[in-house]
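Have a look at the chain first.

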Amino acid sequence: MRTGTQFCGRAIARSLICTKRLVVDALPLERPPRFFWPEPIPMRSKLSVLSVLALAILCAQVVFSQPFQLLNNWPQANGSVNALVVDEPNGIVYIGGDFTQVGGQSRTRLAALDLNSGAVLAWAPAANAIVRCMALADGNIFAGGDFTTVNGSTRQRLASISTAGVLNPWAPTTNNTVWCMAVDGQRLLVGGAFLTVNGVARNRIAAISRVTGALDVWNPDASSTVRSLWMHNGNVFVGGLFTTIGGATRNNLAEVDPQGLATAWAPSVTGAVLAIAETNGSLLIGGTISFVNGLSRIGFASLAFADGSTGNLA
């Protein structure tokens, strides 16, 4: 049984209108449906049936024509938005990217919007180059990307800004792009194309104190660019373009433990893993993917990640 908002094929009106939605049965027909009546039907009954069918078609048209509602009052940016952070308790969404205006107001690659009305808020730090990732923790917005200054102060691809818009003294440095980040307790995990953090060798993935900016000893050492991070039960799932990480061969996707070592979870992905999320015991990955574990998966896949799993497709 499917509702009118879900069904987009040929269907037969099964009975009548339930509340305000059309209830239909999907029926894989090879030719147009015919109705068979077991005995002659009085004219009044025929008219009733025709009325129900006419009303069903009308309701179906109404339901199908309104699959979603676009909020007209949401402001527009004049460039790409690469990162979103939602502060739901305070009703704010923070955005970062490569724009210089939002809703007709000057905002240099960082901005904040009212989550309900879409109004552009006063929060307006300015980065001198692209913001590619953001995270929210303890009332501060952490940003990473290509920039080298924020609000005119030197910040080498990492910065922390309070929700009041004040640039914090927190100032770790990387020598190349920061593509992704994830909060891990008092640490901030970062991934990207860099080879050093705070002047110390860290190949494309590192952990930094969220309080002091000091570099942590954690060092998974990825062989090429890291593009996505996702925390899970103390470990981190890492996606990107690498072939080794955490001391083991891993093709573009891996799970790394708190010691910086790759776990036994080892799916093989052809193509870059650019996004990671989890739901119902599965890990969702997206990117320029073409195969996962030898099976065709174009752009997107779901994998099991229960303890002890070897990364089988879900």
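Arginine 155 has a relative accessibility of 10%, so it counts as buried (buried means under 20% relative accessible area, exposed over 50%, partly exposed in between, with a 1.4 Å probe and protein chains only). Arginine 155 is found in the loop between β12 (153-154) and β13 (158-162); strands here are DSSP runs of E of at least two residues, numbered from the N terminus. Setting aside neighbours within four places in sequence, the contacts of arginine 155 include Phe147, Val150, Leu167 and Trp170 (contact means heavy atoms within 4.5 Å). Proline 172 is 17 residues away along the chain, with 7.7 Å between its C-alpha atom and that of arginine 155.

A quick word on where this comes from: it's a predicted model, with local features needing pLDDT of at least 70 and side-chain atom pairs counting only at pLDDT 80 or more, while totals for chains, interfaces and linings use all residues. Residues are numbered from 1 along each chain as its sequence is written, and side-chain values use heavy atoms, leaving out hydrogens and water.

Now the rings. Searching the whole structure turns up three aromatic pairs; rings of Phe, Tyr and Trp (its six-membered ring) pair if their centres lie within 6.5 Å, and planes under 30 degrees apart count as stacked, over 60 as edge-to-face and the rest as tilted. Among them is tyrosine 94 with tryptophan 123, whose planes sit at 75° with the centres 4.8 Å apart, so this is an edge-to-face pair. That pair joins strand β5 (residues 92-97) to the loop between β8 (110-114) and β9 (131-137), 29 residues apart. Both partners are tucked away: tyrosine 94 is buried at 1%, and tryptophan 123 is buried at 6%.

Phenylalanine 142 and tryptophan 170 are edge-to-face too, because their planes are at 80°, with centres 5.0 Å apart.

| Arginine | Ring | Distance from ring centre |
|---|---|---|
| Arginine 187 | Tryptophan 218 | 5.5 Å |
| Arginine 227 | Tryptophan 179 | 3.6 Å |

What about the nonpolar packing? The largest nonpolar core has 17 residues, with Tyr94, Trp123 and Phe147 among those with the most contacts inside it; such a core is a set of buried Ala, Val, Leu, Ile, Met, Phe, Trp, Tyr and Cys residues joined through side-chain atoms within 4.5 Å. Strands β5, β8 and β9 are among those that each supply at least two residues of this core. A second, separate core has 15 residues, including Ile205 and Leu229.

Conventions. Helices (H or I, at least four residues) and strands (E, at least two) are DSSP runs, numbered from the N terminus. A charge sits over a ring if NZ of Lys or CZ of Arg is within 6 Å of the ring centre and within 35 degrees of the ring normal.
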